[in-house]
Amino acid sequence: MKINILFGAALMAMLMACTPQDNKEMADTKEDKNHVVETIMARRSIRKYKAEPVAREVMTQILDCGINAPNGQNKQSWEIRVVDNPELLAEMSKAMGEAHPQIPMAKDCFRGAPVMVFIARDLSYDFSAYDCGLLAQNMMLSAWSMGVGSVCLGSPVRFLTDNDLCKPLVDKLGFSEGYELSLCVGFGYADEAPDAKPRDKQKYRFVD
Ligand SMILES: Cc1cc2nc3c(=O)[nH]c(=O)nc-3n(C[C@H](O)[C@H](O)[C@H](O)COP(=O)(O)O)c2cc1C
């Protein structure tokens, strides 16, 4: 616990000026840079993580950024559970693997992230999936700006919810009645620096 707090304080100090890519190069701190744009353009999905945990103080800041996302009628139509217990994450991975023996990646679908955030949506609100997506994006961008990598994950939702074997583990997350696990996001310190995947600029156009 004490080590965790010390570790967290040291990380917080380091992360104020770092992005995951700073493993290779320091961020440009010139004042004329737009740091939001920089963060958006630099963020990449991370699928290889260092073993070190993310301090709960850092995760709390990321979660606070998440819940400040725009959301329909300010209903905050999400519930969020954070799992940083390696034994529980391993138990979930094992169960997903056993429930899907024909899908080799099922047991690895957390991508080795040391922290998993499970997001459930309020089924009574038709826009709750968007709320949850915006929440997740706020978390991923704020994380990146603080040097924490992330990966948005749909596959664990499928692997955890389409079978009875994993049900006790989903139940353990303790989402309220009327909420359904909809999205997962893994967080941790990047052990890779993937290039940006190409984006199709034909997907947008101005209409006069
Ligand atoms: C809704 C959603 C579900 C995703 N599910 C997975 C997943 O199950 N496994 C995975 O490795 N990446 C997953 N991703 C990450 C995407 O593959 C990734 O965002 C995309 O390839 C673009 O790469 P980038 O994030 O590095 O820009 C998901 C992303 C989103 C938004």
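Predicted model: local features only at pLDDT ≥ 70, side-chain atom pairs only at ≥ 80, totals over all residues.
**Helix α4**

Select residues 86-99, which form helix α4. With 14 residues at 1.5 Å a residue, the helix should span 20 Å, and the distance of 20 Å between its end C-alpha atoms therefore agrees. Move to the start of α4 and show the side chain of N85: one of its oxygens comes within 2.9 Å of the backbone nitrogen of E87.

Next, select L88, L89, M92, S93, A95, M96 and G97, the buried residues of α4.

**R44**

Go to the loop between α2 (35-42) and α3 (56-67) and pick R44. R44 is buried but has no salt bridge. A polar atom of the R44 side chain lies 3.1 Å from the backbone oxygen of M41. Beyond its neighbours within four places in sequence, R44 contacts W144, S150, P194, D195, A196, K197 and R199.

**The ligand**

R44 also belongs to the surroundings of the ligand, so select the ligand with R43, R44, S45, R47, R111, V151, C152, L153, G154, S155, K197 and R199.

- R43: an N or O atom of its side chain is 2.9 Å from an oxygen atom of the ligand.
- R47: a polar side-chain atom is 2.6 Å from a ligand oxygen atom.
- S155: an N or O atom of its side chain is 2.7 Å from an oxygen atom of the ligand.

Definitions and conventions
Residues numbered from 1 in each chain as written. Heavy atoms only, no water. Helix = DSSP H or I, 4+ residues; strand = E, 2+ residues; numbered from the N terminus. Expected span 1.5 Å × (residues − 1). Buried < 20%, exposed > 50% of the residue type's maximum accessible area, 1.4 Å probe, protein only. Polar contact = N/O pair within 3.5 Å; in protein donor to acceptor, adjacent residues only side chain to side chain. Lys, Arg positive; Asp, Glu negative; His and termini not counted. Salt bridge = Lys/Arg side-chain N within 4 Å of Asp/Glu carboxyl O. Contact = heavy atoms within 4.5 Å. Near = heavy atom within 4 Å.
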